Amino acid sequence: MHKLTEEGRQYLKNGLPEKNILSMLPSTMHELSKNDNATVALSNAKKRGWIEIHNGEVSLTKLGEDAKGKLTEEEAALDAISNGGNASLQIIRELERRNLILEIKDDVIKKAREQLSEGCQTLTPELIKTGFWREANFREYNVSTAKRFYGGRKHFLKELSEEVAEILVGMGFNEMKGPLVESSFYNFDLLFMPQDHPGREAMDTFFVKNPLKSDLPSNYKKIAQVHNNGGGTGSRGWGYDWDPEVARENVMRTHTTSVTFRYLSRGIPIPSKYFSIDRVFRNETVDQTHLFEFHQIEGFVAADGLTLRNMMGIFKEFYEKLGVKKLKFKPVYNPYTEPSMEIYGYYEKLGKWVEMGNSGMFRPETLLPLGIKCPVIAWGLALERLAMLIHGFTDIRQVFGAQADIQALREARR
Amino acid sequence: MVVVETKLETLKKLSQTENIDETLFKMGMELAGTENGMAKVEITAERIDMLTPEGLARAIRAYSGKHREPEKPKSSGFSINAEKVSRPYIACCIVRGVSWDAETIKETMNAHDKLNRNYGRQRKKAAIGIYDIRDIRFPLKYCEEEKSKIMFVPLGGVSETSGNEILSKTQKGIEYSGLVPGTKAPVIKDAAGKALSMPPIVNAKEFEVTEKTRDVLMEVTGTHRGTVETLLSIISSSLEERGGRVETIDVVYGDKKTATPATEWRRETITGDYVNSIFGTLLSAQEISKLLERMLYKTSISGDTINVLIPPYRADVLHKLDIADDAGRAYGFDNLVPESPKVPSTGGVLETRKLARNASEIMIGFGFQETMTFVLTSRKDQFERMNIAHEECVEIENAKEGGINIARKRVLPELLKALSYNLHRPLPQRLFEIGDVISLEKSDTGAGDRKCIAAIVSDSRAGYESISVPLCGLLGSLGLKYMLEKTDHPSFMAGRVASIIVNGKHVGVAGEVHPLVLEKWGIENPCAAFEMELEKL
C-alpha cells in the first residue's frame, strides 16, 4: 500500500508542474524561472518531449500541444492511491522516484487499522504513516490540568555553595582543603587556645577514639613555648605547661580554621587569598537550630599592610555580591584573632539585622611561630544559616541530613 | 558569650550611663534582656573583670568617659603564712566599709560563683572565699591537715563536722571532692587555731557574711598563681566600686613575701603607628591615649610613644595588641570607613570540585535529586542495616546525639536512610549524593577522606537497568573506559550486582538492593543503587 507525500498531495491538487507550465508557453527560461517548481517542471517536460529550448526560448512541441489539458497517468495514479486504490507497478516506481508516494508496510497498516477499531486516543506512528489519522476521532483533553513531575535538581545548599564559591573565585580566592579528622594541634593549639579552654571540652567537641592520636609536626616545641610564656611573640602566653600528648588527641574538626592553619604552616605566597566551603562538626544534639554537622564558609587574606578597614572593605564586596548592601560591625572576642568583629547584615526581605559572620586578624601568637610576619585576616559564616535566611527555612533539620524532606528539596526556590 | 545579671537601676547608677544598650553594643557586648528590672548583659568571654556587676558598671562608666580610678590600696599590716599545700597558691586581702545589704550579698555571691566556674575552671584553677573579719585573729596560716582532723561548722550546717564528712555528705563537698584527693586537705586557720575554711570546698559558718558585716576578708586559693592573684584583683577592685577600701595582706611563701592584691600596675608601651597600622586610621598619640583611658588604662605620652599602665584586674591583656584593640573599640568600629585592599590574585577551585560538578550535572540530567547527608553515623546504619560485616572505621568517643558512634565509610546507607524518611513522598524517588567518607589510613592524623558518588532509584518497578543505564550514562559522559563485571555483595541481590571497573581498577558496585536490606530500612519499594569512589575515576 502507498500513501501520498506532501508533494504528491500538492501535485494531485494543482496538477503536475510540467503540465502547468505548458499553458505558459511560449516563454523564456528567464520568465519561467520565476515560478515555483520551475526546475522540476522544465526537466520533466523536456524528458517527456513536451518542450523545446533554443537560446533560452522555450516552446511547445507537438506532443506538448497534445498533452495540454489532458490527465496524465501519473495524476490518475495519484488520485487512485489517495483513495486507497492502486496503480501499475511502472507508474508506482515513477511516483516513488519522484518522491510523490511512500510505501506503507503491511504490518503498519494492520496496526493502524487495529488502533482505529480500538478507538485509539493517541496519535501513533502507524496512524501517521498510513494517513489513517484522518479517520480517527481524538477527544478533547482538559489541557488546564497537568501532573507535577520532578526532574533532577541540585541540592539548594550546593547551589548556594557554588554561588559563594563563584563570588570568592571572582574576588581572587583559591580553594583549599584539609582533613575532617584533625589533631587538636591544628584545631586548637596552633590557634593559641589554651589546653584548659572551655571551648576544647568534650561538651562541644567530638573526640575520636580511633584513630586516637596524630603525629605532631616538628615545630611543636615552639608552640609549647608560645603557650607557656609567649615564646618570643611579645605575649605573656598562658603560663602553663603545654602538653604535646593533649595536642595529639584527634577530634572531628570544629571549624575550617584548622585548614587555614595547615596552609599557613605549609607556607603560602604573600600576598594570597584562600577559601573553603566544607564540613565541620560540633558535639550537639539535633534540634530546630542545631545540627552536629554543618558547613562553614571560610576565607583568609594574607598581605602586607592589611588593616581592619581593609577587612571591612573585603566583606563589603563579598556581602554585596550576596545581595546584602548594609553592614554593621561589632567588636567581639575570639581566642585566636584580635581585633575580632561580628558582621551584621541588613536582610531586606525580613527587614532586620541578622548576624552574618565572624572575623578577625590572627594573633601574633598564632602567626609568628609559623614565620608569618604580615597581617592575616580571616572570616567565616555557616552555609546552612545563610541558606535558611535566603530560602526562609526556620528548622535547620530541613536543610541538611537524611531526615530532610525530599519534597522541600524538589521545590526549593532557585 | 557569658551572661551577667544585675538590677538595671543599680547598673545605670553605678555606670552613670542612661543609654546602656547603645554603649554596650559599641563595646562589643549586648544588653540581652531587661525583665523584672533585671539587666541581662552578654559579655565577651575574655573580659573576666566584667563578670561582676561592679566590674561591668566600671567598664561602662569608663567607656562613657566618667571613670576615676580609686586610691591605691594600703597595707593592712596583716599576713598569712602559706605552707606547702597540694593546692599551692593563695592571695588575700581585707575590704572595709562596704554596706552589706541583702542585695549586695546576693550579687557578690553570684559573681563569685560565676568566677569560680568560669575563670577558676570549676574551682580547680582558683576559688574564692569571703568572710566576716570581726572574730578573725591574725596572722593567718594556710596549710594542709588530715581530713579527719579538720573540724568546723560548715556554712549551711549546725554542728561541728570533720573534713571527711564535709566531703562525703555536703552538697559542695560531693561536687568538688575530686579537687581534694588524698588523706589531707587544705585549710585556712586564724591565729587562734580556728578553721576559717577548707578551700576550695566550703567556709566555716562562724565567719559568714551577713547584713551585720562591716569588714570582710577575701581569699583566693588555687593551682595557677597568675589566675589566683588576678582573681583577687578582680573581686577586690569590684568592692572598691561599692565604696570599699582595700587593704593588702602579705602572703609569705617560705622566705618570700608578696602583698596581695598587687598594687603596682603592669607597664607596656605602644606607638601611634602601631595602632594606626592595625586599624588603617590616622590617630595621634594624644587621641589614642584618650581612647585608652576610656578602656580603664592609665597613659602618658612622649612623642608617638604611649606609656600604658594596665589595671591588675585586666586578665585579658596578653600582648600590646590587646591594648591597641581596646583603642579601636573605644574609637568605635563603626566609625571606620571600609577600604578595599589592593591584593591582586587569581582565584580558582579544586579539581575535585570540578569533577564533582560534572558528575552531578550528568546525574541531574538523568533526573536524580541531589541529597546531602551526614558523615557521622552509627555502626548499625553502616553495617547491620546493610547486611555487611563490621569493618574498622573512625570511631567517635562521646557523641551527645544518640546513635552516633562512627564516621561513614559509605554514602549509600545514608541514601537508604533518606528514602526511609520520605516514604510518604511521590515516587519515583531518584537520589544521588557526592560526599565524603572517612577511612583509617597512613597519614599524620591516621585517617583520610575520599569523595564518593552514590545513587539510588526507588520505584514500584525499579530494577537493575534503572541504575545501570544512568551509571553507564555517567561513565560514558565523563569519557571513561568502563566495564561492569559480575560480582557478589551482601547488600545486593545475588546475580544482580556488578563490580564497576574503570581503567582496569575496581571503583565501585552497582545492583539491585537486597530485600533484607530494604526490610531493615523499612522500605517497601524495590531499589537499585550504585556507589563509587569519585577520585578514582
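**Chain dimensions, cysteines and selected local features**

The accessible surface of chain B comes to about 22800 Å², and 49% of this belongs to carbon and sulfur atoms; areas here come from the Shrake-Rupley method with a 1.4 Å probe, and for residues only the protein chains shown count as cover. For chain A, the accessible surface is about 19300 Å², of which carbon and sulfur atoms hold 50%. The model is a predicted one, in which local features need pLDDT of at least 70 and side-chain atom pairs count only at pLDDT 80 or more, while totals for chains, interfaces and linings use all residues. Residues are numbered from 1 along each chain as its sequence is written, chains are lettered from A and ligands numbered from 1 in the order in which they are written, and side-chain values use heavy atoms, with hydrogens and water left out.

Turning to the folds, chain B has 15 helices and 28 strands, where helices (H or I, at least four residues) and strands (E, at least two) are DSSP runs numbered from the N terminus. Chain B is more spread out than a compact globule, because its radius of gyration is 33 Å, well over the 24 Å that the globule rule gives for 537 residues. The radius is taken over C-alpha atoms, and the rule is 2.2 Å times the number of residues to the power 0.38. Along its principal axes, the C-alpha trace of chain B spans about 90 × 65 × 50 Å. Chain A comes to 18 helices and 15 strands. With a radius of gyration of 41 Å, well over the 22 Å given by the globule rule for 414 residues, chain A is also more spread out than a compact globule. Its C-alpha atoms fill a box of roughly 120 × 60 × 45 Å along the principal axes.

Buried residues (under 20% relative accessible area; exposed is over 50%, and partly exposed in between, with a 1.4 Å probe and protein chains only) make up 55% of the 537 residues in chain B and 55% of the 414 residues in chain A. Contacts are defined by heavy atoms within 4.5 Å. Among contacts between residues at least 6 apart in sequence, 69% in chain B join residues at least 24 apart; the corresponding value for chain A is 65%.

The cysteines come next. Taking a disulfide as a pair of cysteine sulfur atoms within 2.5 Å, the count over all chains is zero. The sulfur of Cys143(B) is 13 Å from the closest cysteine sulfur, in Cys92(B), which is too far for a bond. Likewise, the sulfur of Cys393(B) has its closest cysteine sulfur in Cys452(B), 14 Å away and too far for a bond. Cys143(B) is buried at 2% relative accessibility, and Cys393(B) is buried at 0%.

Gly267(A), with a positive phi near 100°, follows α14(A). Elsewhere, Lys213(A) lies in the loop between β8 (208-210) and α12 (220-229) and is partly exposed at 29% relative accessibility. Not counting residues up to four places away in sequence, Lys213(A) touches Glu245(A), Arg248(A), Glu249(A) and Asn250(A), as well as Thr445(B).
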